[in-house]
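Please keep the sequence and the structure in view while reading.

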There are 2 protein chains.
Amino acid sequence: MQRKGLFNIWLICRILGILILLNGVFMLFCLPFAFYFGDGDWEALVKAGAITIFSGGIASLYARKVGYSQEFRKKDGYIIVSLGWALMAFFGSLPYLFSEINPSFADAYFETISGFSTTGASILNDIESVGKGILFWRSLTQWIGGMGIIVLAVAVLPFLGIGGMQLFVAEAPGITPDKLQPRIKETARRLWWVYAGLTGVETILLMTGGMSFYNALNHALTTMATGGFSTFNDSAASFSPYIQYILIIFMLLAGTNFTLNYFLFKRMFKAIWNNEEYKYYIYVIALATFAIGVTIVMTTDLGVEKSFRDALFQVISIITTTGFVSADYTAWTPFATMIIFVLMFSGGMAGSTAGGVKIVRHIILFKNSFLELKRQLHPTAIIPVRFNGKAIKGSITFNVLAFIMAYFLIFGIGILVMSAIGVDLMTSIGAVATSLGNIGPGIGTVGPVDNFAHLPDLAKWVLSFLMLLGRLELFTVMIIFTPYFWSRF
Amino acid sequence: MQRKGLFNIWLICRILGILILLNGVFMLFCLPFAFYFGDGDWEALVKAGAITIFSGGIASLYARKVGYSQEFRKKDGYIIVSLGWALMAFFGSLPYLFSEINPSFADAYFETISGFSTTGASILNDIESVGKGILFWRSLTQWIGGMGIIVLAVAVLPFLGIGGMQLFVAEAPGITPDKLQPRIKETARRLWWVYAGLTGVETILLMTGGMSFYNALNHALTTMATGGFSTFNDSAASFSPYIQYILIIFMLLAGTNFTLNYFLFKRMFKAIWNNEEYKYYIYVIALATFAIGVTIVMTTDLGVEKSFRDALFQVISIITTTGFVSADYTAWTPFATMIIFVLMFSGGMAGSTAGGVKIVRHIILFKNSFLELKRQLHPTAIIPVRFNGKAIKGSITFNVLAFIMAYFLIFGIGILVMSAIGVDLMTSIGAVATSLGNIGPGIGTVGPVDNFAHLPDLAKWVLSFLMLLGRLELFTVMIIFTPYFWSRF
Ligand SMILES: [K+]
Ligand SMILES: [K+]
């Protein structure tokens with residue numbers, strides 16, 4: 001069939017329909033827990049699942065009936081990704097709406113987009129009182145979101161040319177098209193197995209630490225997604241040191257490029273350490289942990305092990321944008337709190353489930369800023385940024401700089417909007433930084449021991465949009481709001 | 001004589017010597033006020049002036065005796081500008097040190113670099129008790145600093161290739177090398193006359209509002225330099241509406257590209273309004289004033305005129321980086337305070353005495369960010385940023401982006417360092433933003449009704465360095481700390 005119009009509408013409809021349908025099937029996966037724990041929310045899950053499967057099914061079947069061209073263009077990609085995430089969150093909020101929690105639509109949508117975007121900011125005042133079936137759905141939204149991000153990072157974003165992703169995913173050291181399987185589909189499948197496999201291993205390790213299967217699975221799902229939803233009100237604060245260390249290790253893995261995790265599985269250790277982004281990822285974690293650990297040791301009597309464990313846990317939780325909390329970083333010294341705040345703008349590695357700016361972009365930024373001074377002394381020389389030993393095309397460096405600029409621009413505008421809504425300055429700064437970076441806890445009244453329930457509805461919608469924007473690497477969503485997108489050329 | 005070595009040391013010595021000598025002569029200009037008001041500081045001025053003239057004289061004469069090549073290279077330029085400003089501040093602090101204020105060296109240096117950098121942050125707890133001769137020196141440092149910046153912007157920075165300055169100064173609309181005098185020296189002299197002329201006119205206008213000649217001259221000197229030192233403890237808060245409006249108008253002029261002020265003098269109004277940077281400068285002021293004015297009207301009973309006057313005064317004072325205060329913006333609603341804070345990163349027009357990022361760089365940033373989305377849809381097309389109707393070279397856009405990045409990077413590092421010294425977060429943010437932007441008042445404990453006296457000495461040194469860095473468009477100073485600068489190639 002011939003393609004018509006600006007977009008391949010029926011192809012878009014078909015794909016979105018299938019996504020929504022699968023979303024509904026996932027809801028039904030939560031039923032065993034609802035039955036086992038005997039809470040009253042199984043009806044909510046069945047109702048939500050049925051509506052979602054039905055809606056998705058109708059859309060995809062209707063699209064097939066109308067018929068669609070297989071031709072897939074960039075513009076279709078932007079629409080599918082942005083609308084897909086937003087619609088998943090819409091249908092995903094149904095279980096909450098039908099459940100005993102009985103939230104407002106703003107609250108339900110916030111909690112769901114916070115899940116699918118792997119942010120982990122919550123409007124629930126008492127997590128432990130929520131039915132286990134619904135709580136499992138909450139964790140599952142993050143795991144689905146994390147899976148979606150891996151597929152995006154490997155297969156979709158490089159194709160769309162977002163923020164230099166084409167570079168970072170393809171150019172992991174030692175990978176040449178003939179060495180790792182050249183077919184994107186195969187790569188995506190392989191990384192997905194790494195994702196699922198690590199989730200399974202973490203579940204087992206958490207259980208050996210004395211956690212129940214239910215809690216272990218929930219935390220494994222939200223760790224690997226760098227999501228950070230916990231089934232406990234105080235997040236990871238009451239866990240044993242053993243369990244906290246398990247979480248530390250798996251947060252670290254979840255924030256690592258999944259291609260490197262595959263190398264780890266294949267015991268290709270040299271390829272991992274030769275990766276420049278990985279090196280800086282570890283360096284930054286070590287440095288921040290050391291600086292914070294020393295201040296905690298000096299200003300409290302928690303002892304060396306506990307002080308450095310608290311420091312390491314919070315540093316890794318924030319840099320990987322997971323958002324688990326084992327200590328209240330806003331109660332630390334201003335210097336230590338400030339380091340955590342700065343880390344909110346770091347993000348993990350590209351090609352992981354972590355959000356935020358990502359380490360690789362910071363490397364390009366720093367190198368380029370430094371080289372710009374060299375360029376000034378030698379105006380006629382062409383001095384490219386080098387990454388993993390290769391010169392980077394100027395257009396990609398440009399795109400990375402534009403991304404970081406856009407990130408801070410949106411950060412600033414977000415704070416202005418939140419202030420205009422009437423939220424105090426510290427809370428605005430914290431809420432916007434943590435939402436845009438898909439982290440979870442912020443500062444001010446949305447700190448690590450607070451939640452987002454008290455914010456005005458309008459603020460929740462703004463933050464929901466910021467979570468989506470951050471998760472989809474900004475440009476995927478922003479581009480839809482430009483006139484270029486809607487013109488034929 | 002043949003040039004030897006990495007730098008033309010004796011040429012540098014000669015120029016710095018002359019600058020220091022002139023600095024000493026300026027100190028003696030303050031004597032009439034010390035005598036007229038009969039305060040005890042005339043001896044301090046004489047002593048400081050004598051030492052400064054003697055030191056500068058020795059250096060310049062010795063350099064002439066040794067002999068120096070006339071060959072002037074970029075690297076010599078960076079050294080002269082950076083070292084020149086730092087040394088001027090060193091000798092400039094002598095009058096304070098010898099005076100009855102008897103400050104620590106950290107305090108005296110802070111006050112002086114705050115003057116020469118036209119920042120206007122002060123460590124004086126009771127300005128009105130300071131001798132009139134010393135106080136005049138304080139205002140004069142700002143005026144000298146402002147004059148220095150105009151010369152830099154027109155003649156030196158374009159030559160050094162800093163942050164795209166070559167573009168903005170040369171390409172004022174309607175200027176072609178044959179239309180405006182092509183010789184840089186003549187242009188600099190002309191703009192200097194505009195600077196001096198406007199200072200004179202403002203002095204007279206302030207006197208017609210009932211100000212004494214002494215106070216009028218002081219405020220005129222610090223307005224045209226966008227410096228913001230006042231001779232009153234409460235800055236401009238007690239002034240009559242008439243005087244506040246005069247200050248508003250002259251702050252606006254001081255933040256305008258001085259080439260446009262020359263056009264104003266020549267009644268070339270169309271050339272002014274056709275300037276894209278000027279247009280946005282006015283738009284941003286109007287928009288911010290409107291938004292803040294409305295919130296003040298709604299939340300207080302100050303009345304419409306006073307509310308909008310307060311809004312306009314503070315908006316213009318901050319965006320032009322002057323820093324006069326007629327109302328405490330930290331006591332406004334969070335939204336209004338936040339707008340003021342965002343404006344701290346705007347800065348005035350390039351080619352004015354204003355500090356900060358500057359409007360033109362923001363224009364390039366916004367346009368480029370927007371176009372980057374277009375580039376993403378059309379990866380093979382070359383899409384340059386256009387400014388004042390002309391396409392800008394990619395390397396200049398790159399340099400502008402790198403500048404803004406460096407600005408925010410230094411902002412972040414500055415906050416971290418201040419926090420590490422033990423300064424609270426809000427104060428750190430405010431002090432770093434206002435120092436780097438050469439503004440004056442900040443937020444937290446260095447707000448518009450506070451001063452910087454209570455900060456630790458180390459923090460004052462950090463802020464002093466930031467003032468210098470900001471005033472010299474970052475790169476001029478930063479480049480000296482790179483290995484490229486010290487290599488022969
Ligand atoms: K998260
Ligand atoms: K100032």
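Contact here means that heavy atoms lie within 4.5 Å. By that rule, 100% of the interface residues of chain B are also interface residues in chain A, so the copies meet through the same surface.

The model is predicted: local features need pLDDT of at least 70 and side-chain atom pairs count only at pLDDT 80 or more, while totals for chains, interfaces and linings use all residues. Residues are numbered from 1 along each chain as its sequence is written, chains are lettered from A and ligands numbered from 1 in the order in which they are written, and side-chain values use heavy atoms, with hydrogens and water left out.

## How the two chains are arranged

Two copies of a chain are related by a rotation about an axis and a shift along it. Here, a rotation of 180° with 0.0 Å of shift along its axis places chain B on chain A with an RMSD of 0.0 Å. That is the relation of a two-fold axis. The superposition is by least squares on the C-alpha atoms of residues with pLDDT of at least 70 in both copies.

## The interface

Chain B gives 51 residues to the contact and chain A gives 51 residues. About 4600 Å² is buried between chain B and chain A, and carbon and sulfur atoms give 80% of that area. Buried area is the accessible area (1.4 Å probe) that two parts lose on being put together, summed over both. Gln376(B), Phe398(B) and Tyr484(B) supply 17% of the area that chain B buries against chain A, more than any other three residues.

Between chain B and chain A there are zero salt bridges, a salt bridge being a side-chain nitrogen of Lys or Arg within 4 Å of a carboxyl oxygen of Asp or Glu. Four residue pairs, both residues at pLDDT 80 or more, are in polar contact across this interface. A polar contact is a pair of N or O atoms within 3.5 Å; within protein, one must be able to donate a hydrogen and the other to accept it, and residues adjacent in sequence count only if both atoms are side-chain atoms.

Helix 18 of chain B provides the largest share of the side of chain B that touches chain A, 14 residues. Helices are DSSP runs (H or I, at least four residues), numbered from the N terminus.

## Helix 12 of chain A

Six of the eight residues of helix 12 (residues 258-265) of chain A are buried. Buried means under 20% relative accessible area (1.4 Å probe, protein chains only). Among the buried residues are Phe258(A), Leu260(A) and Tyr262(A). The buried residues of this helix pack against several helices of chain A, including helix 7 (132-160) and helix 14 (276-299). At the helix start, a side-chain oxygen of Asn257(A) comes within 3.0 Å of the backbone nitrogen of Thr259(A). Just after helix 12 of chain A, Arg267(A) has a positive phi of about 60°.

Ser114(A) lies in helix 6 (residues 105-116) of chain A, whereas Ser346(A) lies in the loop between helix 16 (334-343) and helix 17 (359-377) of chain A.

| Residue | Relative accessibility |
|---|---|
| Ser114(A) | 0%, buried |
| Ser346(A) | 9%, buried |

A polar atom of the Ser114(A) side chain lies 3.0 Å from the backbone nitrogen of Gly120(A). Leaving aside neighbours within four places in sequence, the contacts of Ser114(A) include Gln142(A), Phe229(A) and Met467(A). With residues up to four places away not counted, Ser346(A) touches Ile319(A), Val357(A), Lys358(A), Ile359(A) and His362(A).

Technical notes. Helices (H or I, at least four residues) and strands (E, at least two) are DSSP runs, numbered from the N terminus. Buried means under 20% relative accessible area, exposed over 50%, partly exposed in between (1.4 Å probe, protein chains only).
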